[in-house]
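Keep the sequence and the structure in view while reading.

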Amino acid sequence: MKHFGATSTTDEVLAGSDLRGKRAFITGVSAGLGVETARALVAHGASVVGTARDLAKAERATAQIRQAAQASGGELTLVQMDLADLASVRALGDAVVAAGQPFDLVVANAGIMATPLQHTRDGFESQFGTNVLGHYVLINQLAALMRQGARLVTLSSNGHRFADVDLEDPNFEHTPYDPWVAYGRSKTGDALLAVAFDARHRHRGVRAASVHPGVIQTELVRNIEPAAFQAAFEAMNAQHLALGNPPFEVKSVQQGAATTIWAGVVADADTIGGRYCEDCQVGELVPDDLELSAFSAGVRRYAVDPARAEALWNKAEQLVGNR
């Protein structure tokens with residue numbers, strides 16, 4: 001197997017791959033990583049179903065992908081879905097299940113970051129409700145369509161190190177709200193979803209992994225004032241350098257989506273199953289007491305702990321039901 005790393009791109013990871021006959025489902029294909037993930041798969045012949053809250057925006061963002069699909073034998077179909085509205089998630093899931101077409105890859109890509117305190121249509125804190133609970137409902141519905149050899153990839157982040165999930169107070173009803181803590185909780189939750197899903201489905205040859213795509217300037221930062229984001233970025237980079245690390249480099253979207261493609265298509269299933277991946281490799285566990293910068297590599301143990309994953313899965317079922 002070829003070795004890939006932090007600067008590898010989606011096209012490099014998929015070089016020589018023929019994905020004709022393969023089907024993928026991706027949430028969030030109206031911008032950034034979702035669009036690039038869909039483009040790379042379609043360019044190699046895959047048929048992709050992509051979701052978006054704003055279908056018109058997604059159609060504009062993916063126009064070139066759909067125009068180029070005929071040459072590759074691939075296809076991109078866009079469907080409307082809002083992860084912050086579980087009725088929307090369930091309606092689409094039911095429609096996809098009724099269609100009965102199997103999938104080889106499901107990518108839980110969509111998400112929000114560092115929002116002010118808001119709530120989903122169902123009353124959950126917006127980041128936990130959208131990033132974790134919306135995807136929990138969706139992947140439970142799509143699981144039956146994932147054929148042997150299929151994979152689930154959830155988009156986590158090194159931001160998981162900001163906070164573990166709080167299963168006693170997931171909606172900040174008794175805890176002062178901090179947008180970055182809420183983001184950290186949700187990204188830990190996304191990593192744990194992959195661990196729990198993998199444990200439930202690996203007996204039938206379906207595996208799951210979470211990925212940290214790297215730091216990429218996409219629409220994910222739209223809720224943060226540009227000056228505040230730049231100040232925070234500079235402070236984090238200063239800390240990164242103070243710990244003796246080399247200068248940090250922001251990834252391109254093509255480099256950021258590469259780990260999703262690597263884990264979802266190219267890597268050995270047993271290697272990535274139930275694991276957290278970054279830079280096109282499995283992330284290393286880092287001790288809880290090891291000081292890290294915001295840009296350091298590595299995954300905290302709580303984000304891949306099987307018992308913690310089961311606890312989150314059970315909490316999600318309690319909160320939203322199992323469909």
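## A salt bridge within one helix

Asp190 and Lys187 sit 3 residues apart in helix H7 (residues 179–201), a separation of about one helical turn. The model is a predicted one. In it, these two residues form a salt bridge, with the closest N and O atoms 2.8 Å apart.

Are the two partners buried or exposed? Asp190 has a relative accessible area of 2%, so it is buried, the limit for that label being under 20%. Lys187 is buried too, with a relative accessible area of 5%.

## Other salt bridges

Side chains of opposite charge can pair when their charged atoms come close. The structure holds 13 salt bridges. One of them joins Asp18 to Arg20, and the closest N and O atoms of this pair are 2.7 Å apart. Asp18 is partly exposed, at 43% relative accessible area, while Arg20 is exposed, at 56%.

Another salt bridge brings together the side chains of Asp270 and Arg207, at 2.7 Å from N to O. Asp270 belongs to helix H11 (residues 269–272) and Arg207 to strand S6 (residues 207–212), so this pair ties together parts that are 63 residues apart in sequence. Asp270 counts as exposed, with 61% relative accessibility, whereas Arg207 is buried, with a relative accessible area of 12%. Both residues belong to a network of salt bridges that links Asp198, Arg202, Arg207 and Asp270.

## Aromatic pairs

A pair of aromatic rings is described by the distance of the centres and the angle of the planes. How many aromatic pairs does a search of the whole structure find? The search finds 5. One of the pairs is Tyr136 with Trp313, which is edge-to-face, with 4.9 Å from centre to centre and 75° between the planes. This pair links distant parts of the chain: Tyr136 is in helix H6 (residues 126–142) and Trp313 in helix H12 (residues 306–320), 177 residues apart. Tyr136 and Trp313 are both buried.

Phe162 and Trp180 form a pair whose ring centres are 5.8 Å apart. Their planes stand at 80°, so the pair is edge-to-face, a label that needs an angle over 60 degrees. Phe162 lies in the loop between strand S5 (146–155) and H7, and Trp180 lies in helix H7, so the pair ties together parts that are 18 residues apart in sequence. Phe162 is partly exposed, at 38% relative accessibility, and Trp180 is also partly exposed, at 32%. Together with Tyr183, Phe162 and Trp180 form one aromatic cluster.

## A charge over a ring

A charged group can also be found over an aromatic ring in this model: the charged end of Arg185 sits over the ring of Phe172, 3.8 Å from the ring centre.

## The second largest pocket

Rolling a probe the size of a water molecule over the atoms shows where empty space is left. The second largest pocket has about 430 Å³ of space. It is lined by 20 residues, and the closest to its centre are Ala6, Phe248, Glu249, Asp279 and Phe295. By type, the lining of this pocket divides into 8 nonpolar, 8 polar and 4 charged residues.

Ala87 lies in helix H5 (residues 86–99). With a relative accessible area of 51%, Ala87 is exposed, because that label applies over 50%. The C-alpha atoms of Ala87 and Val97 are separated by 15 Å, and the two residues are 10 residues apart along the chain.

Conventions
Residues are numbered from 1 along each chain as its sequence is written. This is a predicted model: local features need pLDDT of at least 70, side-chain atom pairs count only at pLDDT 80 or more; totals for chains, interfaces and linings use all residues. Side-chain values use heavy atoms; hydrogens and water are left out. Helices (H or I, at least four residues) and strands (E, at least two) are DSSP runs, numbered from the N terminus. Buried means under 20% relative accessible area, exposed over 50%, partly exposed in between (1.4 Å probe, protein chains only). A salt bridge is a side-chain nitrogen of Lys or Arg within 4 Å of a carboxyl oxygen of Asp or Glu. On a 1 Å grid over the protein atoms alone, a cavity is a set of points where a 1.4 Å probe fits but cannot get out, and a pocket is an open set with protein on both sides within 12 Å along at least five of seven lines; lining residues have an atom within 4 Å of a point. Grid points are joined across faces, edges and corners, and a volume is the space filled by probe spheres set on the points. Ala, Val, Leu, Ile, Met, Phe, Trp, Tyr, Cys and Pro count as nonpolar, Asp, Glu, Lys and Arg as charged, and the others, Gly among them, as polar. Rings of Phe, Tyr and Trp (its six-membered ring) pair if their centres lie within 6.5 Å; planes under 30 degrees apart count as stacked, over 60 as edge-to-face and the rest as tilted. A charge sits over a ring if NZ of Lys or CZ of Arg is within 6 Å of the ring centre and within 35 degrees of the ring normal.
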